[in-house]
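I opened my notebook to look a structure over, one step at a time. Come along and check each entry against the picture.

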Amino acid sequence: MATKQETLTLATILTIPTLVVFVLTQRFVFSGITAGAIKG
Amino acid sequence: MSNRKPIRWGQVGTRAIVYATLGVAALLIAFPFYWMVISTIRPENEVYTVALNLLPSKLSFAMYRKLLGDPQLPVARFFLNSVIISIGATIVNVITAVLAAYALSRHRPPGGTIFYYLIIATMMVPGEVVLIGLFRVVNALEMIDTYQGMILPLAVNAVNFLLIYNYMLALPRELDEAARVDGAKVWQMLWHITVPLTKPAVYSATLLAFLSAWQNFTIPYLLTQSNNMYPRRWEPSLPRVPSWRRNRRR
């Protein structure tokens with residue numbers, strides 16, 4: 001079984017790519033998600 | 001004569017309440033992440049203490065060294081597998097979503113509405129329902145335990161299609177007509193006019209596709225057999241390849 005710290009460390013390492021992608025795309029993300037919804 | 005506007009205390013009070021509420025909400029959301037990161041750089045014995053120490057007594061990167069340097073548990077390899085699968089699935093996902101959305105929203109082919117509803121209908125089917133069929137298809141294609149086999153099932157997503165479709169639908173048709181008058185081909189219209197204008201939706205779809213692939217546990221677990229192909233979800237808490245999973249290709 002993994003220790004608590006091992007699990008947390010792995011979780012931290014695995015969060016990095018998600019953060020990178022979010023930082024690269026966040027300028028457009030919210031406008032992209034909401035803009036399509038305006039059209040009736 | 002001064003042009004300064006009088007302070008509206010009611011407005012200031014409302015704003016203060018809004019910011020305080022947002023600040024507390026942000027803190028509540030961010031704190032678990034902070035705690036996660038700070039727990040990884042504490043000495044191990046401090047992780048289990050009940051006291052709420054916001055800062056570690058001593059910085060220690062021992063757990064990172066242990067996890068990344070353990071030959072028995074190739075975390076770096078799992079990580080690389082995840083990156084390859086997620087990026088591959090994201091690229092294919094965005095390309096298919098853009099092409100399908102472009103064809104159905106800008107060109108309205110005959111029978112397009114049927115395809116539109118067929119794509120939307122896939123959103124109503126829970127992923128677990130198709131798992132057995134998915135395994136059989138990937139097995140028949142001899143793609144079990146390969147990157148392609150894991151990328152393909154993750155590479156089509158109706159949500160991304162819908163996002164881009166709705167965005168493209170809102171673009172004025174005159175743009176296409178003007179391009180056509182200037183002699184632009186369909187690919188040129190797509191690449192030079194529609195895609196640049198659809199950038200916000202494409203970026204959103206990229207993020208959603210990446211997250212969906214990165215967070216997916218079931219499909220890679222179902223379609224892998226060897227330790228080397230496992231994505232990052234195979235944490236130390238999970239055992240090595242169990243015997244029942246070996247040699248299951250029939």
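**Entry 1: a helix in the open.** I am working with a predicted model. I started with helix 1 of chain B and counted its buried residues: of 32 residues, 2 are buried, so this helix lies largely in the open.

**Entry 2: checking its length.** Next I asked how far helix 1 of chain B, residues 9–40, should span. At 1.5 Å a residue, its 32 residues should span 46 Å, and the end C-alpha atoms are 46 Å apart, so the two agree.

**Entry 3: a bend.** I also looked for a kink and found one of about 35° at B:Ala30 in helix 1 of chain B.

**Entry 4: domains.** I looked up the domain assignment of chain B, which gives domain 1 as 9–60 and domain 2 as 75–245. Taken over C-alpha atoms, the centres of these two domains are 36 Å apart.

**Entry 5: the largest core.** Which residues touch the most other members of the largest nonpolar core? I found B:Ile164 and B:Ala205, in a core of 32 residues. Chain A takes part too: its helix 1 (4–38) gives two or more residues, as do helices 4, 7, 8, 11 and 12 of chain B. Helix 11 of chain B gives the largest share, 10 residues.

**Entry 6: around one residue.** I listed what B:Ala205 touches, leaving out residues up to four places away in sequence: B:Val94, B:Ala97, B:Asn160, B:Leu163 and B:Ile164.

**Entry 7: another core.** Last, I found a second, separate core of 6 residues, among them B:Met63, B:Leu67, B:Val75 and B:Phe78.

Notes:
Residues numbered from 1 in each chain as written. Chains lettered and ligands numbered in written order. Predicted model: local features only at pLDDT ≥ 70, side-chain atom pairs only at ≥ 80, totals over all residues. Domains from an automatic or database assignment. Helix = DSSP H or I, 4+ residues; strand = E, 2+ residues; numbered from the N terminus. Expected span 1.5 Å × (residues − 1). Bend = angle between axes of the 7 residues up to and from the residue. Buried ≥ 20, exposed ≤ 12 C-beta atoms within 10 Å, placed from the backbone. Core = buried A, V, L, I, M, F, W, Y, C linked by C-beta atoms within 7 Å. Contact = placed C-beta atoms within 7 Å.
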